[in-house]
Amino acid sequence: MDYLQIEGGKQLSGSVTISGAKNAALPIIAATLLSDKPITLTNLPNVVDIRTLLKLLTMLGGSVEHNQTTAQIDNSTITSTKAVYEIVSQMRASILVLGPLLARFGECEVSLPGGCAIGQRPIDLHLKALESMGAVIEIKGGYVHAMAPKGLKGAKIIFDKITVGGTENILMAAALAHGTTTIINAAKEPEIVQLCEMLQSAGVTISGVGTSELTIEGTDQTPLSFEDIAIIPDRIEAGTYLCAAAITHSSIDLERVNPAHIRATIDKLEFMGCTFEIEAERMTIHAPKRLKPVNLTTTEYPGFPTDMQAQLMAVSVMTHGESMIEERLFENRFMHVSELNRLGADIWLKGNIAAVKGVEALYGADVMATDLRASSALVLAALVAKGTTNVHRIYHLDRGYDNLEGKLLALGASIQRKQEAH
Ligand code: EPZ
């Protein structure tokens, strides 16, 4: 197992190129199941989660040629519609194959994902919506068995709660359904917008893209023919590098970024005293010596993303004053708190609210990564901690950050990947 060894106290400078968005790429890879023609995806992030989902496609009988940031996928040869536990248990996002497999083949089995470190994360809203579209669903032996032998029917879906994955699954299912589907209280994340654009490129009529009400005209189970697609920049990776600059009081440039997608993170960092030069696809952040504390509440896009909460918390640890951070999306997304406190942070947790008292300094220690974004928060804190910090269990980071240590090293951080002795 690998860990990261970081010597804190280095200023960062230079520029970092942002990779494609993992959370845009995953539903797009799943959506290729709606097609029986080859498609090429470019600007994929080179991360484990992408490899896991591509492996699932090959296990279903698809043909995949993957080379770091590009994948050529041909799903004309699918022979199985069963997404097995071995893959789904490694990555919850595998549940995204449920909608497209069911819509195209009329039947599928997908292992139930179960809970995860950041919370319970049920899929009840996905299943209820598919049932409204005529699917018959049974849960047996840890699998969701979904059937719609005559195809799915368009329906009016009102999500009780905004769900990114639920919206994606239903968009993909609706694309091949008979008739019109309306999704009310849909998620509006940029990743959803790109999925809609991909479906539109294949001739699916969708209105309301980027709003909370989407209307999709199904193709009566006719498989789609997609245009090749380049994945949008990763807004969470971009936000993480902005936090790296902020916590180290540095100025850095971000290349291949979409500043419009990270408005909420920019606003918080601006409030804390950072300044920005923003162009269409690049930006520069200048961070001051003294950062101001900040209050934030995570919400759905375009609000402050839960996927940036841990990183912003790491930055707030080094401010002069008290910050309040409220997590509204996931009940257990504060696993980084006790690890940050091991580095000398002063964070007090009550329910879903963290009160952060700024400290003068952090001190290097051994810490353990618990989930993807928590891991990046520990790396950020380590960049300023005095002495050496070892961040263990970084397989979480490898799932979603493309070459994090290489990019930080190029910016001037002192960071090395090492192997645990045992
Ligand atoms: C997506 O997860 C992202 N994953 C997550 O990114 C992100 O944190 C999350 O959206 C919120 O922005 C991918 O895109 C692959 P949800 P998802 O369904 O789709 C509840 C990262 O670090 N809910 O929008 O699983 C759920 O428990 C990750 O990259 C139900 O109750 O999130 C949560 O409280 C982690 N029933 C809330 O809704 C359901 O059927 C939002 O979850 C579905 C969801």
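A backbone N or O atom of Leu125 lies 2.7 Å from an oxygen atom of the ligand. This is a polar contact, that is, a pair of N or O atoms within 3.5 Å. The model is predicted, so that local features need pLDDT of at least 70 and side-chain atom pairs count only at pLDDT 80 or more, while totals for chains, interfaces and linings use all residues. Residues are numbered from 1 along each chain as its sequence is written, and side-chain values use heavy atoms, with hydrogens and water left out.

Gly165 also reaches the ligand through its backbone: one of its polar atoms there is 2.7 Å from a ligand oxygen. Arg121 uses its side chain, with a polar atom 2.9 Å from an oxygen atom of the ligand. The protein covers 88% of the 830 Å² of accessible area that the ligand has on its own. Such areas come from the Shrake-Rupley method with a 1.4 Å probe.

The shell around the ligand holds 23 residues, each with a heavy atom within 4 Å of the ligand. The closest are Leu125, Thr163, Val164, Asp307 and Leu329. By type, the shell divides into 11 nonpolar, five polar and seven charged residues. Here Ala, Val, Leu, Ile, Met, Phe, Trp, Tyr, Cys and Pro count as nonpolar, Asp, Glu, Lys and Arg as charged, and the others, Gly among them, as polar. At least two shell residues come from each of helices H1 (22-31), H5 (124-132), H6 (164-175) and H12 (372-384). Helices (H or I, at least four residues) and strands (E, at least two) are DSSP runs, numbered from the N terminus.

The axes of H5 and H6 come within 9 Å and cross at roughly 25°. H5 is therefore roughly parallel to H6, a term for angles under 35 degrees. Axes are lines fitted to C-alpha atoms, over the stretch in contact for helices, and angles run from 0 to 180 degrees between N-to-C directions.

Two loops carry backbone exceptions. Most residues other than glycine have a negative phi, and most peptide bonds are trans. The bond from Tyr301 to Pro302 is cis, with omega near 10°. Pro302 sits in the loop between strand E18 (295-297) and helix H10 (309-317). Asp220 has a positive phi, near 55°. Its loop lies between strands E13 (213-217) and E14 (229-230).

How values were computed
Polar contact = N/O pair within 3.5 Å; in protein donor to acceptor, adjacent residues only side chain to side chain. Parallel < 35°, antiparallel > 145°, perpendicular 65-115°, else oblique.
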